[in-house]
Amino acid sequence: MKIFLFRLLLFFYSLVYGIQPPLKESQKGVIFEDSINIIKGFKFFSEQIIPHDFESFTEGLAFWENKIYESTGLEGMSEIRKISPDSGKIESSISIPVPLFGEGLTILDNIIYQ
């Protein structure tokens, strides 16, 4: 019974939070005013907008030694990428073999953990 209730709760949660319409080309890279107001008391601005692969499923992001490190998810398409913050170009990447897939990412003592 507990498993059934958990699955039911997970189903409704995914309906409410997991279904989003696809972005139009003009919406990609845009932060909407409503989402900014969620975090009250903080002010921020963008110094630069860099291109990003919208086909990737970002699971983790870190900034270290003047590079962006991104972990992407989805089985068969997961990678750890080193990205130039100036251009947004992928400088190097490591694919994660199936059946594994990417999740979060952190860097500690010069070691990348995923």
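Student: How many aromatic pairs does a search of the whole structure find?

Tutor: The search turns up 1 aromatic pair. Before we look at it, keep in mind that this is a predicted model, where local features need pLDDT of at least 70, side-chain atom pairs count only at pLDDT 80 or more, and totals for chains, interfaces and linings use all residues. Residues are numbered from 1 along each chain as its sequence is written, and side-chain values use heavy atoms, with hydrogens and water left out.

Student: Okay, how do I read an aromatic pair?

Tutor: A pair of aromatic rings is described by the distance of the centres and the angle of the planes. Rings of Phe, Tyr and Trp (its six-membered ring) pair if their centres lie within 6.5 Å; planes under 30 degrees apart are stacked, over 60 edge-to-face, and the rest tilted. Here Trp64 and Tyr69 are the partners, with 5.8 Å centre to centre and 50 degrees between the planes, so the pair is tilted.

Student: Is Tyr69 buried or exposed?

Tutor: Buried means under 20% relative accessible area, exposed over 50%, and partly exposed in between (1.4 Å probe, protein chains only). Tyr69 counts as buried because its relative accessibility is 9%. Trp64, at 22%, counts as partly exposed.

Student: Which residues make up the largest nonpolar core?

Tutor: A nonpolar core is a set of buried Ala, Val, Leu, Ile, Met, Phe, Trp, Tyr and Cys residues joined through side-chain atoms within 4.5 Å. The largest one has 6 residues: Ala62, Tyr69, Ile80, Ile96, Leu105 and Ile107.

Student: In what order do the strands form the sheet?

Tutor: Some ground rules for the labels: helices (H or I, at least four residues) and strands (E, at least two) are DSSP runs, numbered from the N terminus. Two strands pair if DSSP finds at least two bridges between them. In this model, 4 strands make an open sheet, ordered E1-E2-E3-E4, with antiparallel pairing. Strands E1 (58-64) and E4 (90-95) are the edges, each pairing on one side only.

Student: How many bridges join E1 to E2?

Tutor: There are 6, and E2 covers residues 67-72. One thing to spot: Tyr69 in E2 is the bridge partner of Ala62.

Student: What about charges: how many salt bridges are there?

Tutor: A salt bridge is a side-chain nitrogen of Lys or Arg within 4 Å of a carboxyl oxygen of Asp or Glu. The count comes to 4. Among them is Arg81 with Asp53, whose closest N and O atoms are 3.4 Å apart. That pair links distant parts of the chain, with Arg81 in strand E3 (residues 79-83) and Asp53 in the loop between helix H2 (33-36) and E1, 28 residues apart.

Student: Which other residues meet Arg81 in a salt bridge?

Tutor: Glu70 does, at 3.7 Å from N to O, and so does Glu79, at 2.7 Å. Arg81 counts as buried because its relative accessibility is 8%. Glu70 is buried too, with a relative accessible area of 1%, and Glu79 is buried at 17%. Through shared partners, salt bridges join Asp53, Glu70, Glu79 and Arg81 into one network.
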